[in-house]
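Colleague: I've never looked at this one before. Can you walk me through a few spots?

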Amino acid sequence: MSPPTSKGSDATNNQSSSSSLPSHARVAIIGGGVIGCSVAYHFAKMGWSDVVLLERKELTSGTTWHAAGLVGQLRPSVNMTKLARYTSELYGTLEAETQQATGYRQSGSISIATQSARLEELKRSESMAKVFGLPVDVLSTSEIGERYPLLNTSDVLGGIHIPSDGYANAVDVTQALAKGARAGGVKIFTHTEVTGIVQDGKKVTGVQTTAGDLGVDYVVICGGMWSRDLAASIGVNLPLHACEHYYVLFESVAGLTPDLPVLRDYDACAYYKYDAGKLLVGAFEPNAKPWGMGGISPDFCFDEIDGDFEHMAPVLQDAIHRIPALASAGIQKFFCGPESFTPDVRYHLGQAPELDNCFVAAGLNSIGLQSAGGIGKVVTEWVRAGHPPVDLWEVDVRRNMPFQNNRQYLHDRVSESLGLLYASHWPYRQYETARGIRKSPLFDRLVAQGACHGEAFGWERPNWYAPKGTEPVYEYSFGRQNWFEHTAAECKAVRENVALFDLSSFSKFRLEGRDAMTVLNQICANEVDVAPGKLVYTQWLNPRGGIEADLTVTRLTPASYLIVGGAETEVRDFDWLTRHIPDDAHCIATNVTSAMGVISVMGPNARALLQSMTPDDLSNEGFAFGYSREIELGYARVRASRITYVGELGWELYIPTEFVAHVYDALTEAGKDFDLAHAGYHALNSLRIEKGYRHWGHDITDEDSPLQAGLGFAVKMKKPGGFIGRDALLQERDQGIARKMVQFLLADPEAMIYHNEPIWCDGAIVGHISSGAFAYTFGACIGLGYIPWDKTCSEASTRNKQFEIEVAGVRIPAQVSLNPFYDAKSIQIRR
């Protein structure tokens, strides 16, 4: 592919570089690729005309110009698919609106499988697409051959067809977006490099450019592979790194016709697209080659990378096998160009937690064109409203941990990231690169116990324990994986005896000061004006009543609290907390996550084990559920909190980091008399699902209210002073909820559910599974999910309906329950 012709930098589509930069703008967009131009276009559609776009060279000159042009729609979640579908719909009308060609064509797409596991994954995707309302067809081998005659189908098992997928010309789409933006008053300046972003210590105030300085109210960083360094210059964490991305253009391909659909051969890491009489073959190969470690030239403009033909050779050999006509075709172009990738292969959107009014839209992982329309829409709505318009947690920039901006970490991780786009999306798949970063003090001890650690947010966490003689290594599948029986034993120990979990990755904050209670009581939906030593389960709500955080709050003293949340939301939760501390409040928040490890001791014999080790009274009368205090354990003093996430009697022990190993050694020594077991996160997930405990990010999000989620017991509507979100909940309570979270127990013990499986009720899809796992106590999978609800619904009427959960195209009958299947009255945890 060659750089764009003159139409790509036509002055009719760009503000002249000699035009005068204004002294102030409401918004400055940094970067003129397809993402930046989409953001500009959507600001114009919103009616915000006081917007400038600043591009260092020419529009599309970074990475957009060489995009392969695929426009796919099926994504791993409801909202991501909605954004992709919006993008497709926008491109379908953009040319008529702007009179600028886009090259958009709905050719459809076919994804093939040559392995049985891949075929199951595709069938699961087809089932998931029904939830999204996206038409997807499962195809047989012969049907694939009929739709794509060039294909060698001798090893193809089947596939799926998405009729509304297609492709477009990335340069032309960008120019159309830019033209639409200018028509709405947006000013676009090319050859205007941003040399700095100005801030007052709290918020963005301006930008410095080679054409002068500009005061602004908001900045949106859409700088592609330059975004990391620009953001870092103002203390914003935006982890991404460029990789080499390859494709080849074949010419004179016998039998090639323009009506062929886009083809994805995931098992061979390749995609195929008709391209102006030629066939483009691209790859998302494993062991990719990071690029630009030493920085990117300031003169980079429509540049290519020399590339490594040997690196691409295996993909091309497989391509000739898949399309034999390529053996006699010519190679017109061997292309290698940079694309930016992120540590978890999800892009970065939203307001940076470090700096107010600084927004980002970057790290598109080579799917920028097919994501741009939706990104432009939600980012502009986010800027206007001050909050995301829908649940966007999976791409929210606040998910990133500070260490992930480390250059060496990024270099090593993105070598894996690129290939994960086409790798099998196994349940519980673990990253293989850049491991061993964040370890609890117990890491080596747990390895000695057979722990198979998974990586989560940099933490090495024991997911399951292999018995002696078994290697603690994953063997992936969509069915029962090799750890299935080992986790069964762990769950049995928790339910019937006692087990130990390492939960040191919990995020932990202290809030201190004479105004701590007043501040926190406004943030928490539950009452936290309680006696010291009382532990409170609560949610933090937004003004719309959605759940921003799900955590526990312990009052340590009249003027100090310990706040404990999930590892995944450490940055997000701390950002939410600090943003809601008034400037004049005598109150300070401190992240103390690294200061304490956490050992959880759970099971019917948890009290007996711990009581054997401490002189402190752990009886139900002396230490009731929902309380926390310091106790002696071994030679240490630890904070014991009587709380549970598995539905059993137990304590979470919060231990100063330097004492963690000692306390563990004392526990395991005393535990010999109680047959103490070790349990991992797979067991934790199974047990919490049996008990119906919600998981933030899956079962509850900023779009879900406590009333819908069955968490009304943790809301105190009448507490003095109210709380954030109270008015919205009162309105919802008076009007009645529109949906309700329930549990489903599958009738087929072999069917495995994880998330997004369709929920059928009396022959119609009414929702999807938010999270699911095998429930060892019940011998089958249990899933959580929302179903429609109104004031006429009841437990009895719900039980009378026929529910089914669809798994890979097969509907499995399921029992529904409004109450937890396990210990609905919570007798076990309070004994």
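Modeller: Here are some notes on one glutamate, the nonpolar cores and a helix pair. Keep in mind that this is a predicted model.

Colleague: Okay, where is glutamate 648 placed?

Modeller: Glutamate 648 sits in a loop, between strand 30 (636–641) and strand 31 (650–656).

Colleague: Is glutamate 648 buried or exposed?

Modeller: Buried. Its relative accessible area is 1%, and the cut-off for buried is under 20%.

Colleague: Which side chain has a polar contact with the side chain of glutamate 648?

Modeller: That of arginine 495, at 3.0 Å. Leaving out residues up to four places away in sequence, glutamate 648 also touches others, including Val494, Met602, Tyr822 and Ile829.

Colleague: Switching topic. Which residues touch the most other members in the largest nonpolar core?

Modeller: Val494, Phe501, Phe744, Leu746 and Ile805, out of 77 residues. Strand 36 (residues 780–788) gives the most to this core, with 6 residues. Another core, of 68 residues, lies apart from it; Ala129 and Leu326 are among its members.

Colleague: And the helices? At what angle do the axes of helix 2 and helix 8 cross?

Modeller: Roughly 100 degrees, and the axes come within 7 Å. Helix 2 is therefore roughly perpendicular to helix 8.

Colleague: How many residues of each class does the contact of helix 2 with helix 8 have?

Modeller: It has 8 nonpolar, 5 polar and 1 charged.

Technical notes: Residues numbered from 1 in each chain as written. Predicted model: local features only at pLDDT ≥ 70, side-chain atom pairs only at ≥ 80, totals over all residues. Heavy atoms only, no water. Helix = DSSP H or I, 4+ residues; strand = E, 2+ residues; numbered from the N terminus. Buried < 20%, exposed > 50% of the residue type's maximum accessible area, 1.4 Å probe, protein only. Polar contact = N/O pair within 3.5 Å; in protein donor to acceptor, adjacent residues only side chain to side chain. Contact = heavy atoms within 4.5 Å. Core = buried A, V, L, I, M, F, W, Y, C linked by side-chain atoms within 4.5 Å. Axes fitted to C-alpha atoms, helices over the stretch in contact; angles between N-to-C directions. Parallel < 35°, antiparallel > 145°, perpendicular 65-115°, else oblique. Nonpolar A, V, L, I, M, F, W, Y, C, P; charged D, E, K, R; others polar.
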